[in-house]
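Here's a quick briefing for anyone meeting this structure for the first time. Have a look at the sequence and the 3D view, then read on.

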Amino acid sequence: MKEMLARIQAEALEQIHAPEADLEQIKIKYLGKKGELTAVLRGMGSLSPEERPVVGQIANEVRAAIEAAINERKQEQEALALDAKLKAEKLDVTMPGTPAPMGHMHPLTQVQRELEDIFIGMGFSIVEGPEVELDYYNFQALNIPENHPARDTQDTFYIAENVLLRSQTSPVQVRTMEHQKPPIRIISPGRVYRSDALDATHSPLFHQLEGLVVDKGITMGDLKGTLEIFAKKLFGENTRIRFRPHHFPFTEPSAEVDVSCYVCGGKGCRLCKGEGWIEILGAGMVHPFVLSNCGIDPEVYSGFAFGLGLERIAMKKYGIDDIRLFYENDERFLEQF
Ligand code: DAH
């Protein structure tokens with residue numbers, strides 16, 4: 001029996017010290033209820049009374065030795081595991097970080113914000129209007145009755161017979177004047193739609209910014225002064241503007257407004273196509289019919305209005321030659337701004 005105990009101890013210790021030893025299994029195998037050492041102790045009934053305490057003591061020593069070895073080995077294993085874990089999770093704080101790509105505002109949004117800032121600085125406030133609009137606001141109230149030729153150049157998309165996607169931001173003039181009595185000083189940026197095929201200079205969706213000022217005694221001089229300050233702020237202090245006679249149904253008189261070319265200063269170059277001037281917007285004095293359509297007495301009040309295309313301004317400002325680039329979301333284009 002003594003040899004058996006000695007063999008059990010030697011065997012157990014050998015297994016405990018084997019690489020990757022499974023200590024739980026070993027514990028069950030030798031010390032568990034059905035373990036080898038327990039089996040030996042059970043067999044002690046067959047020993048003589050003198051032998052029993054001797055063998056019993058040896059058995060206890062063997063148990064203690066195995067337990068001690070298991071505990072010691074367990075600590076060793078835990079230390080090794082912790083070491084490996086720490087090595088695997090080591091964080092080198094001096095390593096360069098993984099860059100998170102940073103975006104920025106779309107060039108059109110940038111231009112819109114810039115124009116808004118300029119006009120806010122002149123006391124204008126910003127109003128919004130619906131993109132799905134009634135025929136009345138988009139056309140009729142603006143002095144464009146059915147069958148008026150201006151409807152051809154502003155053909156748009158229809159939701160129902162009298163409901164359409166607005167072809168211009170000018171209907172916001174009417175909506176504003178219906179709700180607000182003079183003095184009025186607003187701008188209104190937003191999306192507009194026309195049933196144009198997409199090419200380098202046309203898009204079925206683009207953006208405009210409308211301006212409207214109504215008060216007693218507003219003259220064309222106020223319009224010129226306002227637009228001149230605007231042009232200088234946007235294109236530089238040396239910028240001049242010029243008015244060319246034009247026709248818009250909702251203004252009288254009407255003008256197209258050019259700025260002196262900010263590349264050549266007016267001498268003529270590639271950007272201004274040798275003209276020295278670049279057309280940037282349409283403007284005029286609010287037509288008396290439009291005022292009275294909105295319940296404002298044209299005998300008492302007068303006003304001016306203007307409208308510009310944001311894409312057009314952005315294209316001129318940044319030298320972009322194809323309007324489609326704004327809508328393609330190509331990072332190689334967008335990241336340049
Ligand atoms: N709504 C016009 C267009 O889309 C632009 C315009 C011209 C707006 C003259 C105005 C204006 O307010 O006075 O072509």
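Glu-20 counts as exposed, at 77% relative accessibility (exposed is over 50% relative accessible area, buried is under 20%, and partly exposed is in between, using a 1.4 Å probe and protein chains only). You'll find Glu-20 in the loop between helix 1 (2-16) and helix 2 (23-31), and its phi is near 60°, a positive value in a residue other than glycine. Helices (H or I, at least four residues) and strands (E, at least two) are DSSP runs numbered from the N terminus.

A word on the ground rules: this is a predicted model, where local features need pLDDT of at least 70, side-chain atom pairs count only at pLDDT 80 or more, and totals for chains, interfaces and linings use all residues. Residues are numbered from 1 along each chain as its sequence is written, and side-chain values use heavy atoms, with hydrogens and water left out.

**Another positive phi**

- Asn-147 also has a positive phi, near 70°, and is a residue other than glycine.
- Its place is the loop between helix 6 (135-138) and helix 7 (150-153).
- With a relative accessible area of 74%, Asn-147 is exposed.

**The chain as a whole**

- There are 12 helices and 10 strands in the chain.
- The chain's radius of gyration is 44 Å, well over the 20 Å that the globule rule gives for 337 residues, so the chain is more spread out than a compact globule. That radius is taken over C-alpha atoms, and the rule is 2.2 Å times the number of residues to the power 0.38.
- Along the principal axes, the C-alpha atoms fill a box of roughly 135 × 45 × 40 Å.
- Of the 337 residues, 41% are buried.
- Take the contacts between residues at least 6 apart in sequence: 65% of them join residues at least 24 apart. A contact here means heavy atoms within 4.5 Å.
- The chain exposes about 19,100 Å², and carbon and sulfur atoms supply 53% of that; the areas come from the Shrake-Rupley method with a 1.4 Å probe, and for residues, only the protein chains shown count as cover.

**Charges and salt bridges**

- The chain carries 37 positive and 50 negative side chains, and the centres of the two sets are 4 Å apart. Lys and Arg count as positive, Asp and Glu as negative, while His and the chain ends are not counted. Each charge is placed at NZ of Lys, CZ of Arg, CG of Asp or CD of Glu.
- Side chains of opposite charge can pair when their charged atoms come close.
- The chain has 12 salt bridges, each one a side-chain nitrogen of Lys or Arg within 4 Å of a carboxyl oxygen of Asp or Glu.
- One of them pairs Glu-76 with Arg-73, with the closest N and O atoms 3.1 Å apart. Both residues lie in helix 4 (residues 51-88), 3 residues apart, or about one turn of the helix. Glu-76 is partly exposed at 40% relative accessibility, whereas Arg-73 is buried at 7%.
- Another joins Glu-114 to Lys-317, the closest N and O atoms being 3.4 Å apart. This pair links distant parts of the chain, with Glu-114 in helix 5 (residues 107-121) and Lys-317 in helix 11 (residues 310-318), 203 residues apart. Glu-114 is partly exposed at 25%, and Lys-317 is partly exposed at 28%.
- Glu-133 and Arg-175 meet in a salt bridge too, at 2.7 Å from N to O. Glu-133 lies in strand 2 (residues 132-134) and Arg-175 in helix 8 (residues 171-179), so the pair ties together parts that are 42 residues apart in sequence. Glu-133 is buried at 2%, but Arg-175 is partly exposed at 24%.

**Helix 11 and its surroundings**

- The buried residues of helix 11 are Leu-310, Glu-311, Ile-313, Ala-314, Met-315 and Lys-316.
- They pack against helix 5, strand 6 (205-215), helix 9 (220-235), strand 9 (277-286) and strand 10 (302-309).
- After helix 11 comes Gly-319, with a positive phi near 65°.

**Cis peptide bonds**

- The bond from Pro-182 to Pro-183 is cis, with omega near 5°; Pro-183 sits in the loop between helix 8 and strand 5 (184-193).
- A cis peptide bond also joins Glu-252 and Pro-253, with omega about -5°, and Pro-253 is in strand 8 (residues 251-260).
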